[in-house]
Amino acid sequence: MKQQRQIYTVSEITQDIKLLLENAFGEVWVEGEVSNFRPSQAGHWYFSLKDDSALLSAAVFIRNTRDIRFKLEDGLKVVCFGKIDIYAPRGQYQLIIEKIEPKGIGGLQLALEQLKEKLEKEGLFKQEHKRPIPYLPGCIGVITSQQGAAIKDILKVLDRRFKEARIVIRPVRVQGEGAKEDISEAIKELNLFNESVDRDKRIEVMIVGRGGGSIEDLWAFNEEVVARAIYNSRIPVISAVGHERDVTLSDLVADVRAPTPSAAAELVIPRKEDLKNNLEDLTGGLQNAFANISAGFQQEINGLLHRLHLNIAHDFELAESSFQSARRKLFLLNPAVRIQQYLERALDLARQIFVRAGHIIELKQNRFHKAAGMLSGLSPLNILSRGYSITFAQDSGRIIKEGRQLAIGDSIKTRLYKGELISEVRGIK
Amino acid sequence: MAEIKFEEALKKLEKIVEDLEKGDLTLDEALKIYQEGIELSRACSQRLEGAKKKIEVLSKNKKGGFELKGPEESDS
């Protein structure tokens, strides 16, 4: 028995299977768990979808990966949409995926959770990175839509609290295409702007945000590029996205999260009235405190002055009494009195001199008379009168007291009481 | 004094009032910081009263430089 054999080439049969499968399934939703996830160098993603008893190869081409906001990873339960396709070179069938949603929560939400986790690990939300918000900023930057509700709300608050504030608005798209780029660029630009102006013109704080909307509308503020721009900003950032209940990544990274744009404005702009009152209170306090201090010192001075007066009075009395005693002493020491005393003493002495001098003269006179008497008794003439004589050598006139002063034949002169004798020595014994 | 930030000035002023209230200063010291306080108060007051309302819109010109305009001019 001969049968007509239909022989396919490998390509033909593969082509037929391909058609069959495509016709049978077309586009399908498949639910499974991701395993063996491996992105290729070219940017395509390859992995397997599996459940308890089967495994299906799957691929996402690069043009479709961009729409998937969350990160695929092994073990993730997903629902995929795509076409069953045959990869002829390998004889493999696989699911070519166009969309993936995580099972359970929405894709956006998952992406957000994943990104949040990543940024948190990097430390972008850490409190220590938060910069302080200036108390009364000289200039406030606002990054939002120029037509949106946020800027109107912010300006309204300004008008109410501090009309004279300076605001620099940097308009951006806050949703849809280009929003995340706009916002992150604007944050960088305000920082650059600060470098190009004088210190007193610099933007000291910025509000980044928008009014309320759906979660998709707010999505730009959940973008990594925006979160990083906020994190890298040197100007402190207040985030103000949507309503109180909406918390975006921007809110987590920002230095301060304001629940709404109005609240952001209130945070950054103190009420002028409050400031004025505060300043007045302080100035009043300053004056009171100083008045108290000076009153204190005044009192001290008065006290000291009083004591000084008392002391002076006392000193004065002391001085007075010592003056009086000095005066008495001085009176006693008066030279007129002393002169009188000296004079009297001088007179007294003079009298004494007079008396004593008389005595002395008398005494001297007596002694003189007595001496004169004695003197006349000693006169040689007086002795001669009593029979003595004096012999002189005739030639030398010397008085002869010894015999050997003369030789025999010498002439001698002998003086008698009356008259003289001239003789010649005849013998010497 | 012009350089000092409002908040700093206010804080300094608070500190001065506190110091004065403690009252353990010499008269010279008290007088010195009192004068300082008065100057700070004046500076703060000027900062509050001297501010002018100004709303500008930042944009980049063709050369890549920054431009500040009033909100009306750029409201396109």
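Trainee: How many bridges join strand 1 of chain A to strand 2 of chain A?
Mentor: This is a predicted model, in which local features need pLDDT of at least 70, side-chain atom pairs count only at pLDDT 80 or more, and totals for chains, interfaces and linings use all residues. Residues are numbered from 1 along each chain as its sequence is written, while chains are lettered from A and ligands numbered from 1 in the order in which they are written. Helices (H or I, at least four residues) and strands (E, at least two) are DSSP runs numbered from the N terminus, and two strands pair if DSSP finds at least two bridges between them. Strand 1 (residues 27-39) and strand 2 of chain A run antiparallel, and the number of bridges joining them is 5.

Trainee: Which residue in the turn between strand 1 and strand 2 of chain A has a positive phi?
Mentor: Glu33(A) stands opposite Lys50(A) in strand 2 of chain A. Strand 1 and strand 2 of chain A form a hairpin with 5 residues between them, and in its turn a positive phi of about 105° belongs to Gly43(A).

Trainee: Is Asn36(A) buried, exposed or partly exposed?
Mentor: Asn36(A) lies in strand 1 of chain A and has a positive phi of about 55° although it is not a glycine. Most residues other than glycine have a negative phi. A residue is buried if 20 or more other C-beta atoms, placed from the backbone, lie within 10 Å of its own, exposed if 12 or fewer, and partly exposed in between. Because Asn36(A) has 13 C-beta neighbours inside 10 Å, this residue counts as partly exposed.

Trainee: Which residues make up the covered face of strand 2 of chain A?
Mentor: In a regular strand the side chains alternate between the two faces of the sheet. In strand 2 (residues 45-50) of chain A, the uncovered face has Tyr46(A), Ser48(A) and Lys50(A), whereas the covered face has Trp45(A), Phe47(A) and Leu49(A).

Trainee: What is the bridge partner of Leu49(A) in strand 3 of chain A?
Mentor: Strand 2 of chain A pairs with strand 3 (residues 55-60) of chain A in the antiparallel sense over 6 bridges, and these two strands form a hairpin with 4 residues between them. Within strand 3 of chain A, the bridge partner of Leu49(A) is Leu56(A).

Trainee: Which strands are the edge strands of the sheet formed by 7 strands?
Mentor: The 7 strands form an open sheet with mixed pairing, in the order 10(A)-9(A)-8(A)-6(A)-7(A)-1(B)-2(B). Each edge strand pairs on one side only, and the two are strand 10 (256-258) of chain A and strand 2 (66-69) of chain B.

Trainee: Which residue of strand 1 of chain B is the bridge partner of Ile169(A)?
Mentor: Strand 7 of chain A pairs with strand 1 of chain B in the parallel sense, over 4 bridges. The bridge partner of Ile169(A) in that strand of chain B is Val57(B).

Trainee: Which element gives the largest share of the side of chain A that touches chain B?
Mentor: Two residues are in contact if their C-beta atoms, placed from the backbone, lie within 7 Å, and 28 residues of chain A are in contact with 29 residues of chain B. Strand 7, helix 5 and helix 9 (272-332) of chain A are the elements that give two or more residues to this side. The largest share, 14 residues, comes from helix 9 of chain A.

Trainee: Is helix 5 of chain A roughly parallel or roughly antiparallel to helix 6 of chain A?
Mentor: Axes are lines fitted to C-alpha atoms, for helices over the stretch in contact, and angles run from 0 to 180 degrees between N-to-C directions. Helix 5 (residues 179-196) and helix 6 (residues 224-232) of chain A pack at about 10°, with their axes 8 Å apart. Angles under 35 degrees count as roughly parallel, over 145 as roughly antiparallel, 65 to 115 as roughly perpendicular and the rest as oblique. Therefore helix 5 of chain A is, relative to helix 6 of chain A, roughly parallel.

Trainee: How many nonpolar residues does the contact of helix 5 with helix 6 of chain A have?
Mentor: Helix 5 of chain A gives Lys180(A), Ile183(A), Ser184(A), Ile187(A) and Lys188(A), and helix 6 of chain A gives Val225(A), Val226(A), Ala229(A) and Ile230(A). Ala, Val, Leu, Ile, Met, Phe, Trp, Tyr, Cys and Pro count as nonpolar, Asp, Glu, Lys and Arg as charged, and the others, Gly among them, as polar. By class, this contact has 1 polar and 2 charged residues, and the number of nonpolar ones is 6.
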